[in-house]
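Hello,

Here is the structure I promised to pass on to you. Have a look at it first, and then read my notes below.

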Amino acid sequence: MSLGPIRRRKSPCLLVASVQDPSAFQDFYRAYVDGVVAYFTRRTFDAELALDLTGETFALALERRAQFRGRLPQEEQGWLFAIARSQLYRYYRSGEVERAALQRVGLDAPHATSADLEYVERLIDRPALHAAVREALASLTTDQAFAVCQRVLEERSYAEMAIELGVSEQVVRARVSRGLKQLGEKLGDYRLQDIA
Amino acid sequence: MTDLPPGLEDFGARLRGAAEADIRRSRPRHRGFLRDLGFPIAATVLTVAAGASAVSLIDGGKGPPIRAERGDGAGLQAPKDPGVVAASATPDPVDGPPWAVRVYTNDRGEECAQVGRLRAGLFGQIQNGRFRELPPDAPGTCGPAARTQTLAAVERRADPPRTLVFGLAAARSVNVSVGSRKARVTPAGLGAFVVVFQGASRAPVVVDDGNGPPQRPQ
């Protein structure tokens with residue numbers, strides 16, 4: 001996925017220039033915000049959550065920009081996505097979006113207008129995502145696909161499914177577990193496409 | 001550059017405003033950052049002055065210490081308010097005076113840290129068996145005053161061979177590793193810390209204060 005052109009400056013690295021030039025930080029944001037939003041959206045499937053995580057990521061980047069030791073656009077991109085990954089892991093661990101950096105710099109998270117939400121959905125390329133999910137489900141056995149769909153989409157209990165299928169709960173759990181693992185491996189290839 | 005929707009465009013403009021405010025705040029101060037601090041530091045900061053000997057030290061190096069001459073340093077403008085954080089004093093793993101961190105503000109308003117040994121109230125290092133005071137204008141490792149991540153540096157010394165990881169922390173504890181050797185340190189006043197490893201190791205150094213991606217000072 002294209003991340004947009006990098007405007008040429010005295011320093012090829014926007015982040016380095018932004019230590020003294022606030023417009024360079026805004027250019028840095030514009031150069032990479034698409035990629036960061038897409039990164040979060042593909043991993044959370046929640047547009048508003050992705051925007052919140054994006055806000056905190058760029059607030060941290062603003063605070064820490066003077067600590068960046070690279071010189072190349074690729075390095076600043078890697079640095080930024082390291083912060084983004086850290087925020088995603090914090091969210092996975094706590095179930096909440098960190099907002100400490102936003103508060104320190106005195107900002108609210110991006111406001112999610114309907115235009116912003118549509119924009120985010122376009123970034124994740126919904127048809128491609130649907131195709132990826134269909135393909136991943138097709139790679140499961142019939143038993144696994146049924147068990148995963150019943151458990152995840154219909155939220156049925158293992159006990160209920162075991163009775164219906166005439167097998168033990170342990171068997172049902174194993175089908176769901178293996179099915180989800182297989183789905184994760186298949187969809188992992190899809191998620192890797194957004195960042196080179 | 002792509003056209004952003006209104007919420008994201010507005011956020012970008014607000015980020016620019018925050019960057020402007022940050023740059024204004026980071027402009028050099030002229031009063032010295034130590035006096036700006038609002039928490040008691042007298043108990044933990046020893047101002048290095050001629051003949052000061054306020055710290056009880058393990059003696060090391062033969063003979064009397066060699067005092068610094070004017071111009072022995074890198075020729076930088078003399079920094080403001082250099083102060084050794086006595087509470088950062090860390091014993092050497094083998095012998096000799098303890099290691100500690102000296103802090104100062106440079107003329108760009110950045111916070112700076114140096115590492116050295118403390119002996120008889122002087123901050124310096126042992127060279128050729130003699131303790132030599134480090135001149136006040138010796139260069140340090142510097143970072144923005146309004147830091148949210150630890151300022152960390154590594155120095156490798158040959159005689160005796162030591163790997164020193166030091167800096168000014170932005171967290172209540174810092175994990176340091178040199179290759180497979182690990183240590184956790186609780187920073188002293190002003191966030192000053194120093195971890196001393198035997199051997200001048202070229203193994204990768206990692207400093208993790210839990211506030212973001214671990215740092216790898218070179």
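Leu180(A) belongs to helix 10 of chain A, residues 169-191, and with 41% relative accessibility Leu180(A) counts as partly exposed. Please keep in mind throughout that this is a predicted model.

**The two chains**

Chain A has 10 helices and 0 strands, so reading along its sequence gives the pattern α-α-α-α-α-α-α-α-α-α. Of its 196 residues, 48% are buried. Chain A exposes about 10,300 Å², and 50% of that comes from carbon and sulfur atoms. Among the contacts in chain A with a separation of 6 or more, 66% are between residues 24 or more positions apart.

Chain B is built from 2 helices and 13 strands. It has 218 residues, and 46% of them count as buried. For contacts in chain B with a separation of 6 or more, residues 24 or more positions apart account for 60%.

**Helix 6 of chain A**

Which residues of helix 6 of chain A are buried? In this helix, residues 114-123, they are Asp116(A), Tyr119(A), Val120(A) and Leu123(A). These residues cover an arc of only 100° around the axis, so they sit on the same side of helix 6 of chain A. Ser114(A) and Arg122(A), on the other side of the helix, are exposed. The cover over the buried residues includes helix 2 (22-44) and helix 3 (47-64) of chain A, and also helix 1 (6-25) of chain B.

**Salt bridges**

The count over all chains comes to 15 salt bridges. In one of them, Arg104(A) pairs with Glu63(A), and the closest N and O atoms are 2.7 Å apart. This pair links distant parts of the chain, with Arg104(A) in helix 5 (residues 100-105) and Glu63(A) in helix 3 of chain A, 41 residues apart. Arg104(A) is partly exposed at 47% relative accessibility, while Glu63(A) has a relative accessible area of 16% and is buried.

Another salt bridge joins the side chains of Asp22(B) and Arg65(A), at 2.8 Å from N to O. Here the pair crosses between chains: Asp22(B) is in helix 1 of chain B, and Arg65(A) is in the loop between helix 3 and helix 4 (73-94) of chain A. Is Arg65(A) buried or exposed? Its relative accessibility is 3%, and the limit for buried is under 20%, so Arg65(A) counts as buried.

Asp22(B) also meets Arg25(B) in a salt bridge, at 3.8 Å from N to O. Both residues lie in helix 1 of chain B, 3 residues apart, which is about one turn of the helix. Arg25(B) is exposed, with a relative accessible area of 57%. Through shared partners, the salt bridges join Arg65(A), Asp22(B) and Arg25(B) into one network.

**The disulfide and other cysteines**

There is 1 disulfide over all chains. It is formed by Cys112(B) and Cys142(B), whose sulfur atoms are 2.1 Å apart. Cys112(B) lies in strand 4 (residues 111-119) and Cys142(B) in strand 7 (residues 141-143) of chain B, so the pair ties together parts that are 30 residues apart in sequence. The torsion about the S-S bond is about 110°, so the disulfide is right-handed. Cys112(B) is buried at 0% relative accessibility, whereas Cys142(B) is partly exposed at 21%. In chain A, Cys13(A) is buried at 0% and Cys149(A) is partly exposed at 26%.

**Two local details**

Glu155(A) has a phi near 55°, a positive value in a residue other than glycine. This residue lies in the loop between helix 8 (142-153) and helix 9 (158-165) of chain A, and at 67% relative accessibility Glu155(A) counts as exposed.

In chain B, Pro161(B) lies in strand 9, residues 161-168, and is partly exposed at 39% relative accessibility. The C-alpha atoms of Pro161(B) and Gln198(B) are separated by 6.4 Å, although the two residues are 37 apart along the chain. Leaving aside residues up to four places away in sequence, Pro161(B) touches Phe197(B), Gln198(B), Gly199(B) and Ala200(B).

Best wishes

Key. Residues are numbered from 1 along each chain as its sequence is written. Chains are lettered from A and ligands numbered from 1 in the order in which they are written. This is a predicted model: local features need pLDDT of at least 70, side-chain atom pairs count only at pLDDT 80 or more; totals for chains, interfaces and linings use all residues. Side-chain values use heavy atoms; hydrogens and water are left out. Buried means under 20% relative accessible area, exposed over 50%, partly exposed in between (1.4 Å probe, protein chains only). Helices (H or I, at least four residues) and strands (E, at least two) are DSSP runs, numbered from the N terminus. The arc is that of the directions from the helix axis to the C-beta atoms. Contact means heavy atoms within 4.5 Å. A disulfide is a pair of cysteine sulfur atoms within 2.5 Å. Accessible areas come from the Shrake-Rupley method with a 1.4 Å probe; for residues, only the protein chains shown count as cover. A salt bridge is a side-chain nitrogen of Lys or Arg within 4 Å of a carboxyl oxygen of Asp or Glu.
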